[in-house]
Amino acid sequence: MSEVAVTAKPGLDARRVRADFPIFEHPVHGRPLAYLDSAASAQKPRQVLDAMRDFYETSYANIHRGVYELAERATDAYEAARETTRAFVNAPAAREIVFTRNVTAALNAVAYGWGLDNFGPGDLVLATEMEHHSNFVPWQYVAGRTGADFAAIPVDGAGELRLEDLERVLAGRRLKLLACTAVSNSLGTINPVPQLADWAHEHGAVVVVDAAQAAPHRRLDVQALGADFVGFTGHKVCGPTGIGVLWGRADVLERMSPFELGGHMIRKVTVERTTWNEIPHRFEAGTAPIAEAVGLAAALDYVSGIGLEAIERHESELTEYALGQLAEVEGLRVFGPPADRRVGIVSFELEGVHPHDVAQIVDAEGVAVRAGHHCNQPLMARLGVAATTRASFYLYTLPEEIDRLVEGLVRARTLFR
Amino acid sequence: MSELDSLYREVILDHFKNPRGHGVIADPDAQAEGQNPLCGDEVAIMVEFDGDTISDVKFQGRGCAISQAATSMLMDMVKGRTADEVASMSRDELLDEVGIPLTPVRLKCALLGLGVLKVALHKGKGTPLPEEWAGLDELDLR
């Protein structure tokens, strides 16, 4: 088992990458940290921490309306982060990049801002059974508020969308919006978003893509996806918490109502009426996550510097290795598709041991995995489980950490036999 | 003894593998169910009264070892006691019996059964729901 099947290819040396992450200098339960929970949140490289500290120490002020030097510098840094983000997702224009609190806020902004104005009785709002609750509950709720129908594209036993069911689910209704994740946060399944977007557009719908689990792991090109809105969150891409991104096609954003109201998002306010600022500022009410934007830009530069293709290759090698090692554990069942159709996320169940107990047992060895429904209750119901244990990998993950997980799983089986 | 061995000590694993009071009561006087959304633990409890005394109590559920073992221990503890006594039973009384160190997350697992039982007693006998019961809003009170 200690046989190391993954060798670093030119471009990504995970051991060198780890030296950038201070967290790995601190043991857990007396053992080196094996952090296999990057799908929940990624650890932070020194480059991101330094960028934020440097910004706070040398350039910090509130942005947009200050006329003094420091406010100018802070505004420049914030808008430069928007441009970095634009380039990262290959958006046509920086004005299509809205900074939000996280991907949940991005999706809610569309659900309220676009959904409330555009859904009505006889319309269908369509999600999928594998959506994270953040790309499911807002649509279900706003559909209910507007009298529209809500449905979900089913998932098959392998954890992939049943595309053959699309027309059946539609059932002749007027499709207004398709909400779909690019990558399943529980199973790692990579969805055929361009194909789904084409289908939805043929029916006249708007397409919203949750890219929270895609952005960290493969090159994200919003134009290639063919969507109208794409959201992702900073903290999963090695950036800070408190910042997310909503990309929207300019012509759709221009027609969308603001969701959060307040300072900065206005053009003119009188007692009689208020008019909105131009995009993207219309959607950025209140003091923005300024230092977080700076940190996000540093994180995007960091992962781009290492290379999304190199990260993708590293993770797919790890995933293949993990699936092979896990298959050797007695009583273990892995959910989801084969390695070539998923990112580095592996959910499994261990017969006779609840995922929470699994996670606690491996934690004693310093191995961090997540246990629960992963905000995927409809998917868990489809898989017939209440919860799973999930291991997820990133650019700093080593194959021996997967070995340590497997050792812990064998131990858990023994304990509960 | 390592931290892990103390957490999954023999008595916990025994209650998990051989739960006491597991099953159903036909036509119970009161019942309630609840979930722990953090890990998807589920517990349903049925109670039969003889006057104000709990003459029989049974549970069904699925979930982690801590939640199911603690509920199993609870069944042993409450049979023969009055609804009022159990409604005012402190969480520490159960936690002493469980007897293992628990993080805040696992505390929710261990206390799920007690919360569900108190809801059942509330529904059956009108006993108060403890204000300090942190999981109350997660429970089905209908």
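Guide: Two residues are in contact if their C-beta atoms, placed from the backbone, lie within 7 Å. This is a predicted model, where local features need pLDDT of at least 70, side-chain atom pairs count only at pLDDT 80 or more, and totals for chains, interfaces and linings use all residues. Residues are numbered from 1 along each chain as its sequence is written, and chains are lettered from A and ligands numbered from 1 in the order in which they are written.

Visitor: How many residues does the contact take from chain B and from chain A?
Guide: Chain B gives 15 residues and chain A gives 14 residues.

Visitor: What makes chain A as compact as a globular protein of its length?
Guide: The radius of gyration, taken over C-alpha atoms, is set against the globule rule, 2.2 Å times the number of residues to the power 0.38. Chain A has 22 Å, close to the 22 Å the rule gives for 417 residues, so chain A is as compact as a globular protein of that length.

Visitor: What share of chain A counts as buried?
Guide: A residue is buried if 20 or more other C-beta atoms, placed from the backbone, lie within 10 Å of its own. Of the 417 residues of chain A, 52% count as buried.

Visitor: Why do β2 and β4 of chain A stand at the edges?
Guide: Strands are DSSP runs (E, at least two residues), numbered from the N terminus, and two of them pair if DSSP finds at least two bridges between them. The open sheet of chain A runs β2-β8-β7-β6-β5-β3-β4, with mixed pairing. Both β2 (97-100) and β4 (149-153) of chain A have a single partner strand, so one side of each is left without a neighbour in the sheet.

How values were computed: Helices (H or I, at least four residues) and strands (E, at least two) are DSSP runs, numbered from the N terminus. A residue is buried if 20 or more other C-beta atoms lie within 10 Å of its own, exposed if 12 or fewer, and partly exposed in between; C-beta atoms are placed from the backbone.
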